[in-house]
Amino acid sequence: MRYNWNWSVLFADPYLGWILTGLGWTVLVSLCAWIIGLALGSVIGTMRTLPSPVARAIGSAYVEVFRNIPLLVQIFLFYFVLPELLPREWGRWLKRDLPHPEFTVAVVSLGLYTACRVAEQVRAGIATAGRGQASAGLATGLTLTQVYRLILLPLAFRLTIPALTNEFLNVFKNSSLALTIGVLELTARTRAVADYTYQSIEAFVVASVIYASISFLIAFIMRRVEERARLPGTLGTGAR
Amino acid sequence: MFNRKTAIGSAIIGAVFAVTAGSASAQALYGTLKKIKDSGTIIIGHNEDSPPFASFGADGKPQGYSIDICNKIAEAVKAELKMDNLTVKYQAVNGQTRTPLLVNGTVDLVCATTTNTFSRQQQVDFLNTMFVTGNRLLVKKSSGIKEIEDLKGKVVSANQGTTNEKVLNELNQRLNLGIKVLSTKDQPQGWIALETDRTDAHMTDEVVEYGLIAKSKNPDQYAVVGRLLSFDPYAIVIRRDDSAFRSLGNKVLANLYRNGDWEKIYTKWMSTIGQPLSPDLKLLMSMQNYPD
């Protein structure tokens, strides 16, 4: 293979700057989307376990809709189709006057998609925490809100930390889809470096290394969080 | 001791002779030509979404201006190597994959809409120019935009990683236009963005813009406007340090320019997007008509 290796291109101006700003956008998109996903997902997941059939139905509908449509298609629908369905001025506002339209659409669609996945984890966590706990809580005179706030949710979140770590990693990797609507994040920038310099292998190696390092870092931090949050004598912690 | 050294020495000399004799009998083939001779196959890398240069036809086979030229090169290789049963294979590539696949030998030449640049020449080599175009602006007629200066403070799209994007960013800075650049992923997206009024103009190679308009639902609403904003010579991409193969390819091009076949190929494909042959382009091509 007659490949002309040139690793120094990664540190040359302006390519280093591109990769760094790309990394910045990746982190920003992922974190914002994660905040939306975690907050909304917790609410939807809890709704799916409530006694109220209406709340359950809304929760299930949300999860089924967002889980069953590929994320790439969702991003396209939000970016290209939604403005055309709205009244003309609203559509125009979305397309022209919304600050950073590509970024905002990417964050919202990635956040809504992540929410449905978080919701499933939270629901599973509450289910694992157990009906017995809820019944016991209610029997001691706590209200339903108190049962959730004081017993079920604290247990459920601890139980789902490993699963949520997984979702957090997925958000980072899924954020690369934002390039399809023009957010110049890490993948888009490394592709640009590859296209401009023809040093494709170096560019993709650096992208892979950066994504892998972020994932390792997140996994490491989340393991610490898990250890700190552990309650002795509860499910999943064994006899520690 | 001494004897053994001589024995090793003569063995090495013998081996060297054997190697030189062997390559001499194979007519000193090297690089791509040797690879084609050994494998019995020439593999043409091509774009799949760049009509009229390279795209899939109704029969599922790649077709277009660049493909026709590459097929001529394949014929010339067949004649040069005297291989009647040479197999011609096609392999789709894109902007990201074309270099690695060319360099690692998956494809032998790339027939697309690649602009020949010095920075790319550090990694690959190019045949002589086969087409010349440049950046212009694709706009809606109703917008009244005539030149890039009319785009002050407006939104303009260009595709990620292209020379078009580079030119747009440079002009934006140099002319202090305050254009908001939308980096679209590919031509269809650049088109949708313009069609739905998300952008005021799309910037890409002039010839591609005529192709996009020709394909659209209402071609009379769109126009290609303004002066040429860049110079983009298209060329077929080959591996570096392979002058035998490059020379063969350039000879094919020179012959096409000389015997008029090039004009036929041009008319066959460019008439599909309503682009007549300009005297300028004809002159540029005839300048590459190097004698045998």
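This is a predicted model: local features need pLDDT of at least 70, side-chain atom pairs count only at pLDDT 80 or more; totals for chains, interfaces and linings use all residues.
Let me begin with confidence. The model scores ipTM 0.77 and pTM 0.77. For chain B, the mean pLDDT is 88. In that chain, 91% of residues reach 70 or more. Across residues 18–26 of chain B, pLDDT stays under 50. For that stretch, the model has one contact beyond four places in sequence.

Now chain A, and its helix pairs. Two packed helices are described by the angle between their axes and the distance between the axes. Take helix H5, residues 101–129, and helix H7, residues 144–174, both of chain A. They pack at an angle of about 150°, and their axes are 8 Å apart. How do H5(A) and H7(A) run, parallel or antiparallel? Angles over 145 degrees count as roughly antiparallel, so H5(A) and H7(A) are roughly antiparallel to each other. Their crossing is right-handed.

Who meets whom? On the H5(A) side, the residues include Leu110(A), Thr114(A), Val118(A), Val122(A) and Ile126(A). On the H7(A) side, they include Leu152(A), Leu155(A), Phe157(A), Leu159(A) and Val171(A). Arg117(A) in H5(A) and Glu167(A) in H7(A) are also among the residues of this contact. By class, the contact has 13 nonpolar, six polar and two charged residues.

Next pair. Helix H8 of chain A covers residues 186–197, and helix H9 of chain A covers 200–229. Their axes come within 8 Å and cross at roughly 160°. H8(A) and H9(A) are therefore roughly antiparallel to each other. This crossing, too, is right-handed. From H8(A), the contact takes Leu186(A), Thr187(A), Thr190(A), Val193(A) and Ala194(A). Facing them in H9(A) are Ser200(A), Ala203(A), Phe204(A), Val206(A), Ala207(A) and Ile210(A). What is the class make-up of the H8(A) contact with H9(A)? Eight residues are nonpolar, three are polar and none is charged.

On to chain B. The chain is divided into two parts: domain 1, 31–133 + 233–286, and domain 2, 135–225. The C-alpha centres of the two domains lie 28 Å apart. Ten residues from domain 1 of chain B and eight from domain 2 of chain B make the contact. On the domain 1 side, that is three nonpolar, seven polar and no charged residues.

What about the two chains together? In this model, 26 residues of chain B are in contact with 23 residues of chain A. Which elements of chain B give two or more residues to that side? They are helix H4, 98–103, and strand S10, 180–184. The chain B side divides into five nonpolar, 14 polar and seven charged residues.

Last, some backbone details. Most residues other than glycine have a negative phi, and most peptide bonds are trans. Here are some exceptions. In chain A, a cis peptide bond joins Asp13(A) and Pro14(A), with omega about 5°. Pro14(A) sits in the segment before helix H1, 15–47, of chain A. In chain B, Pro51(B) and Pro52(B) are joined by a cis peptide bond, with omega about 0°. Pro52(B) lies in the loop between strand S2, 49–50, and strand S3, 54–56, of chain B. Then there is Asn176(B). It is not a glycine, yet its phi is positive, about 55°. Asn176(B) is in the loop between helix H5, 163–174, and S10 of chain B. S10 is also one of the elements on the side of chain B that touches chain A.

Technical notes
Residues are numbered from 1 along each chain as its sequence is written. Chains are lettered from A and ligands numbered from 1 in the order in which they are written. Domain bounds come from an automatic or database domain assignment. Two residues are in contact if their C-beta atoms, placed from the backbone, lie within 7 Å. Ala, Val, Leu, Ile, Met, Phe, Trp, Tyr, Cys and Pro count as nonpolar, Asp, Glu, Lys and Arg as charged, and the others, Gly among them, as polar. Axes are lines fitted to C-alpha atoms, for helices over the stretch in contact, and angles run from 0 to 180 degrees between N-to-C directions. Helices (H or I, at least four residues) and strands (E, at least two) are DSSP runs, numbered from the N terminus. Angles under 35 degrees count as roughly parallel, over 145 as roughly antiparallel, 65 to 115 as roughly perpendicular and the rest as oblique. A crossing is left-handed if the near helix is turned anticlockwise from the far one by less than a right angle, and right-handed if clockwise. pLDDT is the predictor's confidence in each residue, from 0 to 100.
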